[in-house]
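Student: I'd like to go through some of the labels used for this protein. Can we take them one at a time?

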Amino acid sequence: MKKILTIVVLLIGVQAYAQITEKDVVNHGSFKPGAFKNAPKRIFINSFNVYFQVFGSARASTTGGEMLGTLRGNTNVAMGVALDGVDSKDFLEITNEVYEQYVSKLKAMGYEIVSADEAGKTEAYSNWVRKEGGELSSTQSVGFLKVTPNNYAYYVKRETAKGKEKSGFVSNNHVLSKQLDDAVIADVNMTFYFVQMKTFDNEFLGYAQVTGKPNFHFARLLGDVNNQVLSSANYGFGKNLTAHEAAINTTLKKGVWSEQPVFDNSTKFKEAAAAASRPIPSYAAIVFVNHVNMNTSHYLECDTELYKKETKRMMIEFLDISLDRLKANIK
C-alpha cells in the first residue's frame, strides 16, 4: 500500500510540474484590473499569433592568418536543422483548435466577439491592411512559421513586398477600444521552439564547431533581434490619454518544457572544421593553405501526435490562466 501511495504521489508531482500554472506567468504591465467590471462585455481579438520554430541554424568560423609561427586557413561551419514530422496542416489544426476553444470560453463568460468588419470601420484602422487568417507565413521571423487561425481576420499597418507585416512602433489599441465604444481589446502571441544550437570557435586552435539537440518548449520570447515578441495574452479597454483605462496582462515568466517524449532527447548533431596548418617557411608568401567550408543539413523528427497534443495543452493552459484573471475582475 505504501508503494502504491508513493507511486500516486510521484505521478501527481510530475503532472503538477508539467502543467502551466500561475507560478509560470507574470502580470507585467497590468493596472487597475478592478476597472474591468465597468467595461462593456464586448471583445475584439486584435491578434492571435502562434510562432512555431521549424528551422534552426547556426554558424561558427575562425579567421586564418599567422599565429605563433603557424599559418592557418579560415574555418567556416554552418549547420541547419529542420523540424520533421509536423506539416503545415498540423500547425493550422493546432492553432484552429486552440482559437476555437478560446473564443468559446470568452462567449461563455458573456462576451460578444467584435467582428473584424466592425473594427475595420474605425478611424484607428483606416488605411490599414486587412489580413485573413488561416495562413502560414515564414517572413515574420527567421526559422519560424507564424500561424493565424481560420475564420479570423486582423489588421496590419502595412505589408512589405516580401510579406513582412508592420504594425508601427506605438500601439493604438487604446484608440481602437475608444472607437469601439470601449470594447476590450485582446492580443495573443505564443511561441514554440524545437531545437537548441550552440557554437564554439577558437582562433588560437583554428577550430570551429556547431552542435544541436532537441529543445522543445513553450518559449517566453520569440528571439529574433528585429522582431521580439513575448508569449502573452493581454486585455485592455478604454482610453486614458496615451494608454488604456485598465489592462490585465498575462506573460510567460520563463520557458516551459514538456515532460512527454515528443523528441528523442538523446539525438545530437555536430559539425566541425579544423583549419589546415603548417609552420611558416621562408617562402610563406606563396604558401597555399586549404580553407575548410561546411554547409550541412539535418532533420529532427518528432512524434507528430505528441507534438500536437503538447502544444495544444500548453497553449490552452496558458490562455485559461489569462481568462481566469479576466473573469475574476468582471461582473
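Student: Why is Trp-128 called buried?

Tutor: This is a predicted model, and in it Trp-128 has 16% relative accessibility. Buried means under 20%, so Trp-128 counts as buried.

Student: And what makes Tyr-125 buried or exposed?

Tutor: Tyr-125 comes out at 3% relative accessibility. That falls under the 20% cut-off, so Tyr-125 counts as buried.

Student: Why is the pair of Phe-216 and Tyr-307 called tilted?

Tutor: Start with the distance: the ring centres are 5.2 Å apart, and rings pair if their centres lie within 6.5 Å. Then take the angle: the planes sit at 40 degrees. Stacked needs under 30 degrees and edge-to-face over 60, so this pair is tilted.

Student: What makes that pair a tie between parts of the chain?

Tutor: Phe-216 belongs to strand 15 (residues 207–219), while Tyr-307 belongs to helix 5 (residues 304–327). The two parts it ties together are therefore 91 residues apart in sequence. Both Phe-216 and Tyr-307 are buried, too.

Student: Which cluster do these two rings belong to?

Tutor: Ring pairs link them into a cluster whose members include Phe-52, Phe-91, Phe-218 and Phe-318. Across the structure there are 17 aromatic pairs.

Student: How do you know that Lys-41 lies over the face of Tyr-111?

Tutor: Lys-41 is at 5.7 Å from the ring centre of Tyr-111, and the limit for the distance is 6 Å. The label also asks for a position within 35 degrees of the ring normal, and Lys-41 is listed as lying over the face.

Note on methods: Residues numbered from 1 in each chain as written. Predicted model: local features only at pLDDT ≥ 70, side-chain atom pairs only at ≥ 80, totals over all residues. Heavy atoms only, no water. Phe/Tyr/Trp six-rings, centres within 6.5 Å; stacked < 30°, edge-to-face > 60°. Buried < 20%, exposed > 50% of the residue type's maximum accessible area, 1.4 Å probe, protein only. Helix = DSSP H or I, 4+ residues; strand = E, 2+ residues; numbered from the N terminus.
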